[in-house]
Amino acid sequence: MKHSIIIADDDPHIITALKLLLKSESYDVSAVTSPEALLQSLKQRDYSLALIDLNYQKDTTSGNEGLDLIRAIKTLDEFLPIVVMTGFSSVDIAVAAMKSGASDFIQKPWDNDRLLSILQTQIRLGASEKQGGRLVEQNTLLRNELSSADTGIIAESVTMQRVLAQIEKLALSDMNILFTGENGTGKSMFADYLHSCSTRKSHAFISVNMGAINENLFESEMFGHVKGAFTDAKYTRIGRFELAQSGTLFLDEIGNIPLSQQGKLLRVLEDHQFEKVGSSKTIQVNVRLVSATNASLTELIRDGRFRQDLLYRLNTVEIKIPPLRDRVADIMPLAQHFLLTFASKYRLPSQGFAEDACGALKAYDWPGNIRELSHIIERAIFLCQDDHIGVKDLGLSDAKPCGESGYDFDNASLEDIEKYIISQRLNRYDNKAIETSASLGLSRSSYYRRLEKYKF
């Protein structure tokens, strides 16, 4: 990476000499002759280091202009390393400069090797400090998102194996992905899995629950803010886009973004740049955007609550995560997984499941999907009084069974009903011909004729 240095000095000869020296060391060098010009440049782009004079008027040697400039620079960019230089060096000025926020001090005329060594060291330290700030923010987010339960993916059903294969293939691209599906299907887990399969996996995966962000704090959360940008801005904050630089940004519950803020998100997706709140400096961003929703964005667009152009940017590819009732082959492996996880967590014996419990788990409709299954198993561990978890321990007796699906049988044609039932049995028996045809009371030939008829 080519590091950039901005020089501020009112002597054109000094600027020329420094430019020649620094360009020979492959630095990207800019130069200005006044504090005002320097501050204007810092508002427009990022630099790796600022090399500044302390005096800009020929009739003064106090260094006060430089000290004021240091404080102004730190207001704009608290992580920017500042090396000060002056021809009227003294210990008092050096101490004052360091207290104001300077990183190091050098006297004119300078020794080239010493100057280059100082610049190299301060650039490296500045980059480490900035990365440290990002890591603090990332660690805070990770601590807030950690779950006590293991979130390993279990996908034994053909349906989910196809979904995983699709995710693994799309992960190699940089396309924006939209995960859709009911609540509790594990959309955030699959977003994390997509990141782990991508070329960005060595960089950050930043997850944001859009439903939990206050509309008034949206810009601060997503783009960050500078110190003093508003009343409570007591320090510079790094936003989620910047935290996800070179990695993946996952926006969960994307349908909850306020309409007033959707245009700001759209602009970042189109231009790949943004400004922090309180700053006019444009920051370039390179992130892979993944989002998820359980809402119908098409209906939200029709109701005027979601921008259609934003949807086009979000769903280059849509991946629908099937509900648990459509992946019956995964129910017992998931139940066993949660049983072992919670038994270990609470230091209880892993009882196993009685036969009637297994049947009830497979027959239940699971409106809350995997999240509901997890909660039911956790509760059953404590309710169980026998060697195995029985159907009474699950508490499913008052729940709606799988057959009460809400399908409008009264107004459907015979063919529609037959097609619907076959579809449900295919999902329940994971497309296995023998089990599916037997459950329908059909011979193998009759079963395959219906598959061909309904294009299954």
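Guide: A cavity here is a set of grid points where a 1.4 Å probe fits but cannot get out. Please keep in mind that this is a predicted model.

Visitor: How many cavities of 30 Å³ or more are there, and how much space lies in the largest cavity?

Guide: By this rule, the count of cavities of 30 Å³ or more comes to one. The space in the largest cavity is about 160 Å³.

Visitor: Which residues are the closest to the centre of the largest cavity, and how does its lining divide by class?

Guide: The lining is made up of 13 residues, and those closest to the centre are Asp46, Leu76, Asp77, Lys276 and Lys281. By class, the lining of the largest cavity holds four nonpolar, two polar and seven charged residues.

Visitor: With which residue does Asp46 form a salt bridge?

Guide: The structure holds 19 salt bridges. In one of them the closest N and O atoms are 3.0 Å apart, and there the partner of Asp46 is Lys281.

Visitor: Why does this pair tie together parts that are apart in sequence?

Guide: Asp46 lies in the loop between helix 2 and strand 3, whereas Lys281 lies in the loop between strand 11 and strand 12. The pair therefore ties together parts whose separation in sequence is 235 residues.

Visitor: At what angle do helix 13 and helix 14 pack, and which residues of helix 14 are met there?

Guide: Helix 13 (residues 331-346) and helix 14 (residues 355-363) have axes 10 Å apart and pack at an angle of about 120 degrees. From helix 13, Ile331, Met332 and Ala335 meet, in helix 14, Cys358, Leu361 and Lys362.

Notes: Residues are numbered from 1 along each chain as its sequence is written. This is a predicted model: local features need pLDDT of at least 70, side-chain atom pairs count only at pLDDT 80 or more; totals for chains, interfaces and linings use all residues. Side-chain values use heavy atoms; hydrogens and water are left out. On a 1 Å grid over the protein atoms alone, a cavity is a set of points where a 1.4 Å probe fits but cannot get out, and a pocket is an open set with protein on both sides within 12 Å along at least five of seven lines; lining residues have an atom within 4 Å of a point. Grid points are joined across faces, edges and corners, and a volume is the space filled by probe spheres set on the points. Ala, Val, Leu, Ile, Met, Phe, Trp, Tyr, Cys and Pro count as nonpolar, Asp, Glu, Lys and Arg as charged, and the others, Gly among them, as polar. Axes are lines fitted to C-alpha atoms, for helices over the stretch in contact, and angles run from 0 to 180 degrees between N-to-C directions. Helices (H or I, at least four residues) and strands (E, at least two) are DSSP runs, numbered from the N terminus. Contact means heavy atoms within 4.5 Å. A salt bridge is a side-chain nitrogen of Lys or Arg within 4 Å of a carboxyl oxygen of Asp or Glu.
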